[in-house]
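Here are my notes on this one, written as numbered points. Keep the picture open while you read and look up each residue as it comes along.

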Amino acid sequence: MTWSIALRATLGIALLTVMDAVVKGQMQHHPFAMALFMRFLMGGLCALAVLAIVRPPRPTRASVIGNLARVPLVVLSAGSFFYSISVLPLAEALTLSFLAPVFVALLGGLLLKEKIDRRILQALGFGLAGMLVMVWPRLQGHVGGTGLGVAAALFSAVTYAFNLILLRRIAVREHPAIIVAFQNAGPAFFIAVPAWHVFVPMSLGDLTAYFSAGVLAVAGHLTLTSAYARAAASRLAPIEYTALVWASLLGFFLFDEVPLYTTYLGAVLIVAGTIAISRR
């Protein structure tokens with residue numbers, strides 16, 4: 001793996017983390033369903049613009065069905081994740097999402113009949129230990145916040161794992177621009193009605209923020225996809241954890257969030273487990 005590929009993957013992670021911060025900021029002023037809808041609406045418009053420029057081959061019927069099947073999972077995964085960052089520090093919610101590779105390995109064994117070896121079980125143990133270290137202060141009532149945010153972050157990791165399992169079936173035969181378009185425009189249609197019922201007027205600044213989130217989401221997904229197309233996933237997996245650095249910085253400077261030391265201790269355990277899986 002060359003430095004250019006590693007930098008490309010790092011840039012993709014950074015763009016997506018900044019997007020998370022933008023949406024988190026908007027959720028402080030707008031209803032949750034509306035903020036979620038606007039993020040996907042703007043992402044869908046940007047993704048469709050990319051499609052118009054790239055002009056990939058038309059998707060097959062099987063591809064359309066596969067991509068549409070992922071839409072509810074994208075809504076559940078993104079919705080629960082964005083809810084978690086609305087009530088938890090950004091770094092804490094992102095660290096809990098690092099459990100997704102562990103769930104992917106387990107679901108791969110259960111659904112795709114892939115081998116579940118000792119390393120997967122060890123990774124699960126590390127991940128659960130890291131999660132307990134992170135959430136222990138909240139369980140003890142020593143830190144303000146709600147356990148519902150922790151539950152939402154964990155639910156997001158599980159649904160994201162299901163999403164990746166489905167993605168495996170279509171990613172090898174579909175153009176990345178089409179996949180990104182489906183996973184942005186599809187959820188926008190899916191949650192349009194709930195968003196309409198809580199709609200509130202927006203300023204030009206709000207529209208600019210949501211449009212920026214859409215651009216960041218599409219740019220981040222396409223940048224990451226191009227990196228994974230040029231290097232093995234196992235080589236790039238550790239770069240995913242640079243999100244904790246960006247989340248810590250953004251949370252501190254934008255939202256005055258100072259993660260507890262237990263967040264970083266838990267992150268070490270979770271990352272250790274997921275790296276073990278990536279090397280199996």
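1. Start with the overall make-up: the protein has 13 helices and 0 strands. Helices here are DSSP runs of H or I with at least four residues, strands are runs of E with at least two, and both are numbered from the N terminus. Reading from the N terminus on, the order of elements is simply α-α-α-α-α-α-α-α-α-α-α-α-α.

2. A word on where this comes from: this is a predicted model, in which local features need pLDDT of at least 70, side-chain atom pairs count only at pLDDT 80 or more, and totals for chains, interfaces and linings use all residues. Residues are numbered from 1 along each chain as its sequence is written, and side-chain values use heavy atoms, with hydrogens and water left out.

3. Of the 280 residues in the protein, 50% are buried. Buried means under 20% relative accessible area, exposed means over 50%, and partly exposed is in between (1.4 Å probe, protein chains only). Take the contacts with a separation of 6 or more: 90% of them join residues 24 or more positions apart. A contact means heavy atoms within 4.5 Å.

4. Which residues touch the most other members of the largest nonpolar core? They are M19, F82 and L96, in a core of 61 residues. Such a core is a set of buried Ala, Val, Leu, Ile, Met, Phe, Trp, Tyr and Cys residues joined through side-chain atoms within 4.5 Å. Helix α1 (residues 3-27) gives the largest share, 10 residues. Leaving out residues up to four places away in sequence, F82 touches M19, D20, V23, M27, F32, L36 and R39. There is also a second, separate core of 5 residues, with C46, A47, V180 and A181 among them. As background, nonpolar side chains tend to be buried together in soluble globular proteins.

5. Have a look at α3, which covers residues 61-87. At 1.5 Å a residue, its 27 residues should span 39 Å, and its end C-alpha atoms are 40 Å apart, so the two agree. The expected span is 1.5 Å times one less than the number of residues. Still, α3 has a kink of about 30°, centred on P72. The bend at a residue is the angle between axes fitted to the seven residues ending there and the seven starting there.

6. A152 counts as buried because its relative accessible area is 10%, and S156 is buried at 5%. Not counting residues up to four places away in sequence, A152 touches S80, Y83 and S84, while S156 touches S77, S80 and F81.

7. The buried ones include I178, F182, Q183 and P187.

8. On to the rings: the whole structure has 3 aromatic pairs. Rings of Phe, Tyr and Trp (its six-membered ring) pair if their centres lie within 6.5 Å; planes under 30 degrees apart are stacked, over 60 edge-to-face, and the rest tilted. F32 and Y83 make an edge-to-face pair, 6.2 Å centre to centre with 90° between the planes. F32 is in helix α2 (residues 32-54) and Y83 in α3, so this pair ties together parts that are 51 residues apart in sequence. F252 and F253 are also edge-to-face, at 5.1 Å and 85°.

9. The charged end of K24 sits over the ring of F255, 5.3 Å from its centre, and that of R39 over the ring of F40, at 4.5 Å. This needs NZ of Lys or CZ of Arg within 6 Å of the ring centre and within 35 degrees of the ring normal.

10. Finally, the backbone. Most residues other than glycine have a negative phi. R55, in the loop between α2 and α3, has a positive phi of about 55° although it is not a glycine. D256, in the loop between α12 (243-255) and α13 (261-278), also has a positive phi of about 55°. R55 is exposed, at 68% relative accessibility, and D256 is exposed with 68% as well.
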